[in-house]
Amino acid sequence: MVAEAWLVKMSTNLKHALLLEPSSKKAPLPKQTIGILSFEVANIMSKTVHLHRSLSDSELSKLKSDVFLSQGVTKLVSSDSNHLLDLAVSEKLDDLSRVASVVSRLGKKCNEPALQGFEHVYEDIVNGVIDFRKLGFLVKDMESMVKKMERFVNATCTLYCEMEVMTELEQAVVKLQRSGHHQGSVKAFEQKLMWQRQDVKSLREASLWNQTYDKVVEMLARTVCTIYGRIETVFGGLGLRGKKNSTFKRREAEGFTREADFSFPCGTNPGRMFMECLPMNSSVSRSHDDEEDSEEARSITFPRAMRSSKFGSKSRLTQHASPSTIGGSALSLHYANVVIVVEKLLKYPHLIGEEARDDLYQMLPTSLKTSLKANLRSYLKNVSIYDAPLAHDWKEAIDGTLSWLAPLAHNMIRWQSERNFEQHNQIVKKTNVLLLQTLYFADREKTEAAICKLLVGLNYICHYEQQQNALLDCASSFDYEDCFEWQSQCQAAYLD
């Protein structure tokens, strides 16, 4: 009841936000610029742009018509579109929460109190304390915002490259000065360095380097909240606020940032809307005009699970990976590498020697080794000679399996590589690969059965190629008896 009364009062104050004047005018504090953190900010801005574009109508249509119906996903992950939607929206929310976490950290360096407390605003929006449709600081023209962000990202990337050139020139000048080279050479490099410094100075102005924290954080914070609204509108509210429902009632993806979809009680200027709406809606906001209201607001605490669920270290996405999945067994990258190695070896089976086969075998976990041995003994116990038609059949069978299994393996490597680059604040061209398109959520038993089939087939093809090479060698030396003796010894050794 206390929380409800406080929110009602805040809503009333919200309607009069534009009519209120500050109680006292203070000299504005100097605003800090982003500086060296501009490269990290450019990375998070690039990720935000990518996340926005992944929620377009065309991408969402492709998700349902292509991704959810792809062979690898339906065979190994799930054929239940509701479960796949759950995985997709969980990943989108995880990505957005990571962006929001960085924005919150940057917000601590802002002068504006509303930006300093952005993490609380975002939690309130996600937990349903604040209805995102009632917010006045959402971005109405996302395409313009995205283009603005892209200009900042591109300029910052260029700045990074030019600063590296500048550093190399500075080092070259110092070396030339110390080595006592001809004064003309030193002057030429000093001139180049001066021009380079001018270029860097100009790029700093155009990039994120010289932008203030308040400006950049406001831009990112408004965009984060807008993207969250898009996710909730597209995928529906079920499951987004901690509910256990596994079924999503998908709303029509009609583009939620239309003016008719929202009421804007805080006015029409985006900057002012943001600054005035945030402190009045946040669960940690304080009313400076009424000390009683301040005490009432301080008494409100939300459940621990709600407050820690969005900015905690544990991903809500990985919680979907049960122990029966590859990811739940911590084998997703390992099995992806096994599949990719098999794919490469199949291209040149005649070149595969004992060392290559041993290396591949040692890559396998114990459970798969045991399964492979059993399958090889069962299949090869009646094989006395490897014939061409059966080798051809195995090649077709393996190609068929790899046609849907290999994409999951490559997607796993690609997905992980992108995350590794992000951790080092490197800006990379992102793909729209979701974790559900990888081996992470794949059923372990089914995946191991498919990999075992690949290995049995590869074994047959390799032995057939070696047999043919040996027969050719034997035929050239007319030593057929030794040839067949070699074949028998090889088969017996492999089955041991």
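Modeller: Happy to! Helix H8 (residues 142–179) gives the positive patch its largest share, 3 residues; helices here are DSSP runs of H or I, at least four residues, numbered from the N terminus. The patch gathers Lys-147, Lys-148, Arg-151 and Lys-215 on the surface, and Lys-148 is found in helix H8. Patch members have over 30% relative accessible area (Shrake-Rupley, 1.4 Å probe, only the protein chains shown as cover) and no salt bridge, with like charges joined within 9 Å. Lys and Arg count as positive, placed at NZ and CZ.

This is a predicted model, where local features need pLDDT of at least 70 and side-chain atom pairs 80 or more, while totals for chains, interfaces and linings use all residues. Residues are numbered from 1 along each chain, and side-chain values use heavy atoms, without hydrogens and water.

Elsewhere, charges do pair: there are 12 salt bridges (Lys or Arg side-chain nitrogen within 4 Å of an Asp or Glu carboxyl oxygen). In one of them, Glu-40 meets Arg-105 at 2.3 Å, N to O. Glu-40 lies in helix H2 (residues 38–53) and Arg-105 in helix H5 (residues 81–107), so the pair ties together parts 65 residues apart in sequence.

Notes. Patch = residues over 30% accessible without salt bridge, like charges linked within 9 Å, V, L, I, M, F, W, Y side chains within 5 Å. Helix = DSSP H or I, 4+ residues; strand = E, 2+ residues; numbered from the N terminus.
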